[in-house]
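I opened my notebook to look up two topics.

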Amino acid sequence: MTAELLDVATVPAYLASRADLAGVIDPATAAVREVGDGNLNLVFVATDAAGRGLVVKQSLPYVRLVGESWPLSQDRVLAEARGYDAAVAHAPDLVPAYHGLDAERRLVVLEDLSGWTVWRTALNEGRTSPGAAAAVGRYVARVAFGTSVLSRDAGEVKASVAAAVNPELCRITEDLVFTEPYLDHPHNAWDDELTPDVLALRDPALLAEVAELKYRFETAAQALVHGDLHTGSVFVPPPGATGVAAAKVFDIEFAFYGPVGFDLGAILGNYLIAQARATVLHRPAEFRAWLASLAAETWDAFASEIRSLWPRRADPSWTDEFRERWLASVWADAVGFGGLKAIRRIVGLAKASDVQTLDPPARVRAARAVLATARRWVVERHAVSAPDELAAPDLLVGVPG
Ligand code: SR1
Ligand code: MG
């Protein structure tokens, strides 16, 4: 059954019905606006006369990006709630304050981070966000370690894996990331000049790698992963803000037990897209060098956090030698998934504004650079041994104009 949908007029009464929010916002003076600019949900920001705010995120019963012709269960909010529960348990400083799930209304209530910026927007504007990439790495490490057999009893984890299945949203990823970009599919679109680059992705060598990564996504239930950790799922604080986290992760509805490298790959692939934009726009060399350093910042923070959490491991079988092998395996996954996450944003449904907002000649150059680099990541993921081998600050070197 479809949960009754809120609108800007009904949000104040809803908030007033929530006794637990009484000290957080004054619904009687709340002004509400709908700000959902993602692909799936309604997102309301309510601000009271004292300036206190809250966000209400409610699942729509369809894919917002496409419309009612693509129905989608509102149950995804349950996955989002599981994601926030895990984040609150293991990385509370790295997500917005979470005010809980209303399972009946299929919504979650969150801290209003209106003063913050979605990271993709800041990157598109050419703005640096010191420490944000490390914060994302720490978030992935803490949730991965905290939800997996690395820190928990294996039987308990099996129950969590079962409880956290998210087949409908995983299917979206399976289709949009691992399948459709490599077929003729009505969801795909690209500039005509890119046709040779896109068709070149369909060679058996690459398709075998795509199949391996898809299989891994579908079978490697390592930890509760975010499932959609691109730069549009991260907030960065206002420039110069002090005493706050360098980034906060949000939009966790794709959460399920999957490969840890999928989250790291998602963010790496989106750094690549940001680099392509910065390159074709001839952004200052310092900004491009900073972008090129983000993959290392995220990975180093992830690996360092895992190493510092390791003494809390649940099983003495997890030796230090195993830890380093585990990190190497997650790294190879991240490189491969990162390539596929970048490719899907160029070829398939739900593109990235970094590239889409460029004028056509620049868009083609940026897309070509992304596809060439991403392809290398996928095919050579076991040979790329460190983040500085992923991409140079000038992505266009060696890419045909
Ligand atoms: C049909 S949903 C399209 C995309 O939006 C989300 O942000 C995910 O990335 C999904 O693939
Ligand atoms: Mg999202």
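**Entry: the ligand**

I began with N39, where a polar side-chain atom lies 2.7 Å from an oxygen atom of ligand 1. I note that the model is predicted, so local features need pLDDT of at least 70, side-chain atom pairs count only at pLDDT 80 or more, and totals for chains, interfaces and linings use all residues. Residues are numbered from 1 along each chain as its sequence is written, chains are lettered from A and ligands numbered from 1 in the order in which they are written, and side-chain values use heavy atoms, with hydrogens and water left out.

Next I looked up R344 and found a side-chain N or O atom 2.7 Å from an oxygen atom of ligand 1. For R345 the value is 3.0 Å, again from a side-chain N or O atom to an oxygen atom of the ligand.

How much of the accessible area of ligand 1 does the protein cover? I read 95% of the 320 Å² that the ligand has on its own. These areas come from the Shrake-Rupley method with a 1.4 Å probe.

Then I looked up the elements. Helices α6 (167–179) and α11 (320–347) give two or more residues to the shell around ligand 1. I checked the rule: helices are DSSP runs of H or I with at least four residues, numbered from the N terminus.

I listed the residues around the ligand, with a heavy atom within 4 Å as the test for near. Among them are W70, D228, H230 and F254. The shell divides into seven nonpolar, two polar and three charged residues.

**Entry: the aromatic rings**

I counted rings of Phe, Tyr and Trp (its six-membered ring) as a pair if their centres lie within 6.5 Å; planes under 30 degrees apart are stacked, over 60 edge-to-face, and the rest tilted. The count comes to 16 aromatic pairs.

I picked F178 and F217. Their ring centres are 5.2 Å apart and their planes stand at 40°, so this pair is tilted. F178 lies in helix α6 and F217 in helix α8 (residues 204–219), so the pair ties together parts 39 residues apart in sequence.

Are F178 and F217 buried or exposed? Both are buried. Buried means under 20% relative accessible area, exposed over 50%, and partly exposed in between (1.4 Å probe, protein chains only).

My next pair was W310 and F322, also tilted, at 6.2 Å centre to centre and 40° between the planes. W310 sits in the loop between α10 (285–309) and α11, while F322 is in helix α11. W310 has 0% relative accessibility and counts as buried. F322, at 27%, counts as partly exposed.

Last, I noted one aromatic cluster, formed by F178, F217, F256, F262 and F337.

Conventions
A polar contact is a pair of N or O atoms within 3.5 Å; within protein, one must be able to donate a hydrogen and the other to accept it, and residues adjacent in sequence count only if both atoms are side-chain atoms. Ala, Val, Leu, Ile, Met, Phe, Trp, Tyr, Cys and Pro count as nonpolar, Asp, Glu, Lys and Arg as charged, and the others, Gly among them, as polar.
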